[in-house]
Amino acid sequence: MLRELIKECAGDENAEQPERRRMRAVLRDQLAVAEPLPGFLPAPTAPVLRDVAGLFLADPAEPRTLAELGRAVGASERTLSRLFKADVGMSFSQWRVRLRLHHALTLLADGLPVTTVAHRCGWSSASAFITAFKTAFGYTPGSRVR
């Protein structure tokens, strides 16, 4: 539905007709509640969150909890939790999984084995990584698209 609304609203002809305005309103409403694509990784803009993100960009397998990360960057766990929701639109845990999956895609594209990728990205086992990957993308990391 969104694709068709976007295609229809993209044309300039009859832009001010009432039905076109209603379509644009529906499109805005639908985009506001649409789930981001699984590969989409929003970049934090709040300075303290950029510090946290920097730790994960340096090492996607970063094992520290949000409370431990808060101590490292000078913020409370509660503050970081609230900022993640407000700034990137998801919880810290959701953001961390997306970052790790994003990194995993790069490693898989480089031809690394699934088990190696799983451990480099912070999963405790290959099966936990495979489950997270399949949940996010709908296929397993070993089933390469050729």
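Before I start: I call a residue buried under 20% relative accessible area, exposed over 50%, and partly exposed in between. By that rule arginine 64, at 27%, is partly exposed. One more reminder to myself is that this is a predicted model.

**Entry 1: the overall layout**

I began with the secondary structure. I find eight helices and zero strands in the protein. Read along the sequence, the pattern is α-α-α-α-α-α-α-α. The protein has 146 residues, and 32% of them count as buried. I also looked at contacts between residues at least 6 apart in sequence: 49% of these join residues at least 24 apart.

**Entry 2: the salt bridge**

Back to arginine 64. How many salt bridges does the count come to? I get one salt bridge. It joins arginine 64 to glutamate 62, with the closest N and O atoms 2.7 Å apart.

Next I checked how open each partner is. Arginine 64 is partly exposed, since its 27% falls between the two limits. Glutamate 62 has 8% relative accessibility, so it counts as buried.

Where does glutamate 62 sit? I place it in the loop between H3 and H4. Leaving out residues up to four places away in sequence, glutamate 62 touches Leu55, Phe56, Leu69, Arg96 and Arg100.

**Entry 3: helix H5**

I moved on to H5, which runs over residues 77–88. Its 12 residues should span 16 Å at 1.5 Å a residue, and the end C-alpha atoms are 16 Å apart, which agrees.

Which residues of H5 are buried? I noted Leu80, Leu83, Phe84 and Val88. They cover an arc of only 105 degrees around the axis, so they lie on the same side of H5. The face turned away from that buried side carries the exposed residues Arg78, Arg82, Lys85 and Ala86.

I then asked what the buried residues of H5 pack against. The partners are helix H3 (47–58), helix H4 (66–73) and helix H6 (92–109). Just after H5 comes glycine 89, with a positive phi of about 80 degrees.

**Entry 4: the nonpolar cores**

I looked for nonpolar cores next. The largest has 18 residues, and those with the most contacts inside it are Val52, Leu80, Phe84 and Trp95. H3, H4, H5 and H6 are the elements that give two or more residues to this core. H3 supplies the largest share of it, five residues.

Tryptophan 95 got its own look. Not counting residues up to four places away in sequence, tryptophan 95 touches Leu41, Pro42, Pro44, Ala53, Phe56, Phe84, Val88 and Met90.

**Entry 5: helix H8**

Phe129 and Phe133 took me to H8, where both are buried. H8 has 12 residues and reaches 16 Å from its first C-alpha to its last, close to the 16 Å expected at 1.5 Å a residue.

The buried residues of H8 are Ala126, Phe129, Ala132, Phe133 and Phe137. Their arc is only 130 degrees around the axis, which puts them on the same side of H8. H6 and helix H7 (114–120) are included in what covers the buried residues of H8. H8 is followed by glycine 138, whose phi is positive, near 85 degrees.

**Entry 6: the aromatic rings**

A search of the whole structure finds nine aromatic pairs. One of them joins phenylalanine 133 and phenylalanine 137, tilted, 4.8 Å centre to centre with 55 degrees between the planes. Both of these residues lie in H8, four residues apart, about one turn of the helix. Phenylalanine 133 has a relative accessible area of 2%, so it is buried.

Phenylalanine 137 also pairs with tyrosine 139; that pair is tilted too, with 6.3 Å centre to centre and 40 degrees between the planes. Is tyrosine 139 buried or partly exposed? At 35% relative accessibility, tyrosine 139 counts as partly exposed.

Which residues form the one aromatic cluster I wrote down here? They are Trp123, Phe129, Phe133, Phe137 and Tyr139.

Conventions: Residues are numbered from 1 along each chain as its sequence is written. This is a predicted model: local features need pLDDT of at least 70, side-chain atom pairs count only at pLDDT 80 or more; totals for chains, interfaces and linings use all residues. Side-chain values use heavy atoms; hydrogens and water are left out. The expected span of a helix is 1.5 Å times one less than its number of residues. Buried means under 20% relative accessible area, exposed over 50%, partly exposed in between (1.4 Å probe, protein chains only). The arc is that of the directions from the helix axis to the C-beta atoms. Contact means heavy atoms within 4.5 Å. Rings of Phe, Tyr and Trp (its six-membered ring) pair if their centres lie within 6.5 Å; planes under 30 degrees apart count as stacked, over 60 as edge-to-face and the rest as tilted. A salt bridge is a side-chain nitrogen of Lys or Arg within 4 Å of a carboxyl oxygen of Asp or Glu. A nonpolar core is a set of buried Ala, Val, Leu, Ile, Met, Phe, Trp, Tyr and Cys residues joined through side-chain atoms within 4.5 Å.
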